[in-house]
Structure formats: C-alpha cells, structure tokens
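Keep the structure open while reading.

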Amino acid sequence: MVSDVHRTILYGGIFMYPADKKSKNGKLRLLYEGFPMALLVEQAGGIASAGFFKGKVRRILDLVPDNIHDRCPVILGCARDVEPVLSKYDDQPKSKL
C-alpha cells in the first residue's frame with residue numbers, strides 16, 4: 001500500500017480498496033494503514049475517504065476505532081479523481097448500498 005500511495009501522491013490518480021460482500025468492513029487496518037496514509041494524502045491536498053461506510057460517506061480521519069484491529073475501506077487520491085467516485089454514492093438509492 002505504501003508504494004501505491006507514494007505513486008498516487010507523485011503522479012496523481014486514485015488508490016481504492018473498497019468494501020465488498022465478503023469483507024463488509026474493508027480489509028485494510030484502520031490504525032496501521034488507514035490513518036497514516038489518509039493523513040499523508042490529506043496533507044498533500046488530496047481526499048481520503050472510507051466511501052459509504054457505517055451508514056454514510058465518511059472521511060477516514062473521522063472514523064473512531066472500537067478495536068485496535070478494526071478495518072475500513074479506503075478510497076484516496078487527488079481530489080480530481082476521488083470526488084467523481086464519491087459522487088456515485090450520492091447517485092445510488094440507499095437500499096442498494
């Protein structure tokens with residue numbers, strides 16, 4: 001993940017590891033992978049979101065872990081590339097999410 005985020009910061013783009021039916025809470029650990037990369041990306045001017053997670057679209061840095069090994073979905077990168085992905089959540093009926 002570190003090398004992918006490094007490339008995204010240098011050249012732009014998006015890094016996504018969203019939740020799916022098998023891993024409803026995502027696969028990346030919030031404390032060890034989510035928070036550090038989200039902080040770096042946001043300080044570089046990008047967006048770090050968990051997508052539609054626990055009932056609404058959230059920033060990763062706004063999540064509050066319940067356990068040291070909590071996991072979260074990750075969508076991060078430059079604002080130009082992340083905003084269209086997050087807008088897709090607004091287009092979907094909430095029952096399908």
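Q: What percentage of the 97 residues in the protein is buried?
A: The model is a predicted one. A residue counts as buried when its relative accessible area is under 20%. Of the 97 residues in the protein, the share that is buried comes to 34%.

Q: In what order do the elements of the protein run from the N terminus?
A: The protein has three helices and six strands. Read from the N terminus on, their order is α-β-β-α-β-β-β-β-α.

Q: What radius of gyration does the protein have, and what would a compact globule have?
A: The C-alpha atoms fill a box of roughly 35 × 30 × 20 Å along the principal axes. For 97 residues, a compact globule would have a radius of gyration near 13 Å. The protein agrees with that, at 13 Å.

Q: Which elements are included in what covers the buried residues of helix 2?
A: The buried residues of this helix are Leu30, Glu33, Gly34, Phe35, Met37, Ala38 and Val41. Their cover includes helix 1 (2–11), strand 2 (28–29), strand 3 (47–53), strand 5 (71–72) and strand 6 (74–77).

Q: Which residues is Leu30 in contact with, leaving aside neighbours within four places in sequence?
A: Leu30 is one of the buried residues of helix 2. Contact here needs heavy atoms within 4.5 Å. With those neighbours left aside, the partners of Leu30 are Phe35, Pro36, Ile60, Leu63, Pro65, Asp70, Arg71 and Cys72.

Q: Why is Tyr32 classed as partly exposed?
A: Tyr32 is found in helix 2 (residues 30–43). The partly exposed class lies between the buried limit of 20% and the exposed limit of 50%. Tyr32 falls in this class because its relative accessible area is 40%.

Q: How much accessible area do Leu31, Tyr32 and Ile68 have together?
A: These three residues form a nonpolar patch on the surface. Together, Leu31, Tyr32 and Ile68 have about 260 Å².

Key: Residues are numbered from 1 along each chain as its sequence is written. This is a predicted model: local features need pLDDT of at least 70, side-chain atom pairs count only at pLDDT 80 or more; totals for chains, interfaces and linings use all residues. Side-chain values use heavy atoms; hydrogens and water are left out. Patches are made of residues with over 30% relative accessible area and no salt bridge: like charges are joined within 9 Å, nonpolar side chains (Val, Leu, Ile, Met, Phe, Trp, Tyr) within 5 Å. Accessible areas come from the Shrake-Rupley method with a 1.4 Å probe; for residues, only the protein chains shown count as cover. A salt bridge is a side-chain nitrogen of Lys or Arg within 4 Å of a carboxyl oxygen of Asp or Glu. Helices (H or I, at least four residues) and strands (E, at least two) are DSSP runs, numbered from the N terminus. Buried means under 20% relative accessible area, exposed over 50%, partly exposed in between (1.4 Å probe, protein chains only). The radius of gyration is taken over C-alpha atoms; the globule rule is 2.2 Å times the number of residues to the power 0.38.
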